[in-house]
Amino acid sequence: MLVSMKSLLDHADENTYAVMAMNSINIEMVRAGIEAATEERSPIIIQMGPGQIAKHAHLDAIVPVVRALAEKAPVPIALNLDHGARLEDEVRAIQEGFTNVMIDASSLPFEENVQRTRTVVTLAHPKGVSVEAELGHVGQAAAGDGRTDDMYTDVAQACEFVERTGCDALAVAIGTAHGTYPKGYVPKLDFNRLAELKRALQMPLVLHGGSGSGEENLKAAVAGGINKINVCTDAFQAAKEGMLALLSENPAADFLALQMAAEASIKAFVKKYLHIIGSNDRYTYAAFDSGSKE
Ligand SMILES: [Zn+2]
């Protein structure tokens with residue numbers, strides 16, 4: 001079923017686990033994510049960013065796909081706009097039935113980030129749509145941004161930000177970066193900062209740039225209070241590896257076989273990931289018949 005992202009993250013917060021938020025740009029990704037979550041009795045968040053929407057995952061086509069597959073699923077699914085920046089994108093997503101929107105104004109000065117986030121909260125909450133915001137700077141791995149610790153989220157500022165904006169979840173900068181890290185580089189996360197943020201905020205926290213962080217970092221982040229982990233690069237990579245493996249085995253494989261190989265590879269990746277972040281077995285099918293959760 002399609003539910004608000006806030007309800008997923010509050011449950012994760014109360015029970016110290018994280019929900020995977022996978023950027024999904026076509027039916028194969030959406031179906032792989034939802035099937036994996038169903039088999040693992042786990043929640044999952046399907047999300048896409050404005051660039052992915054503009055290039056490929058056009059909302060008039062992809063939203064009905066997500067809705068149809070989510071509504072049949074016996075586990076809770078949220079649909080999130082990832083890294084929304086323009087107000088028109090936020091409004092469109094709310095109108096289309098997204099159950100959460102992220103507003104990323106983290107590259108702007110603090111006051112402007114507060115104002116923009118507040119505006120989106122004002123538009124989203126009356127429609128039952130929750131809001132994720134970002135404070136601090138999660139850089140781009142390719143630019144080496146992951147190592148600039150002066151960009152980490154400030155605890156006092158985060159408290160003021162949440163108080164003034166009323167956002168439901170906060171993406172924090174603790175040392176990860178978006179995209180692919182240089183070969184062999186494992187980011188060093190600031191778990192002390194994470195602990196301070198969690199203690200002060202007592203709300204769902206989000207890790208962006210989860211791809212390539214390594215299993216140990218992910219587990220420690222979840223133990224430290226991260227409740228949503230964004231995964232884009234690693235999921236795309238799983239899809240590509242599925243196709244490459246089939247092609248190396250059978251260069252004559254046709255397009256249908258390649259799509260199916262990609263989907264199977266993503267699904268296997270997601271199932272493994274759900275165990276790493278501890279969201280497996282959080283829901284039973286029986287519990288859903290009565291609409292309650294465990
Ligand atoms: Zn991000």
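Guide: Helices here are DSSP runs (H or I, at least four residues), numbered from the N terminus, and their axes are lines fitted to C-alpha atoms over the stretch in contact, with angles from 0 to 180 degrees between N-to-C directions. The model is a predicted one, where local features need pLDDT of at least 70 and side-chain atom pairs count only at pLDDT 80 or more, while totals for chains, interfaces and linings use all residues. Residues are numbered from 1 along each chain as its sequence is written, and side-chain values use heavy atoms, without hydrogens and water.

Let's start with helix α2 (residues 27-39), which packs on helix α4 (residues 59-72) at about 20 degrees, with the two axes 10 Å apart. That angle makes α2 roughly parallel to α4 (under 35 degrees counts as such). The two helices cross in a right-handed way, the near helix being turned clockwise from the far one by less than a right angle. Now look at the residues that meet (heavy atoms within 4.5 Å). From α2 come I27, V30, R31 and I34, and from α4 come I62, V65, V66, L69 and A70. Sorted by type, this contact has eight nonpolar residues, no polar ones and one charged.

On the α5 side you will find L87, E90, V91 and I94, which meet T119, V120, L123 and A124 of α6. The contact of α5 with α6 divides into six nonpolar residues, one polar and one charged.

How confident is the prediction? The protein has a mean pLDDT of 93 (the predictor's confidence in each residue, from 0 to 100), and 93% of its residues reach 70 or more. Over residues 290-294, though, the pLDDT is below 50, and beyond near neighbours in sequence this stretch has nine contacts in the model. Where pLDDT is low, predicted coordinates should not be read in detail.

Technical notes
Ala, Val, Leu, Ile, Met, Phe, Trp, Tyr, Cys and Pro count as nonpolar, Asp, Glu, Lys and Arg as charged, and the others, Gly among them, as polar. Angles under 35 degrees count as roughly parallel, over 145 as roughly antiparallel, 65 to 115 as roughly perpendicular and the rest as oblique.
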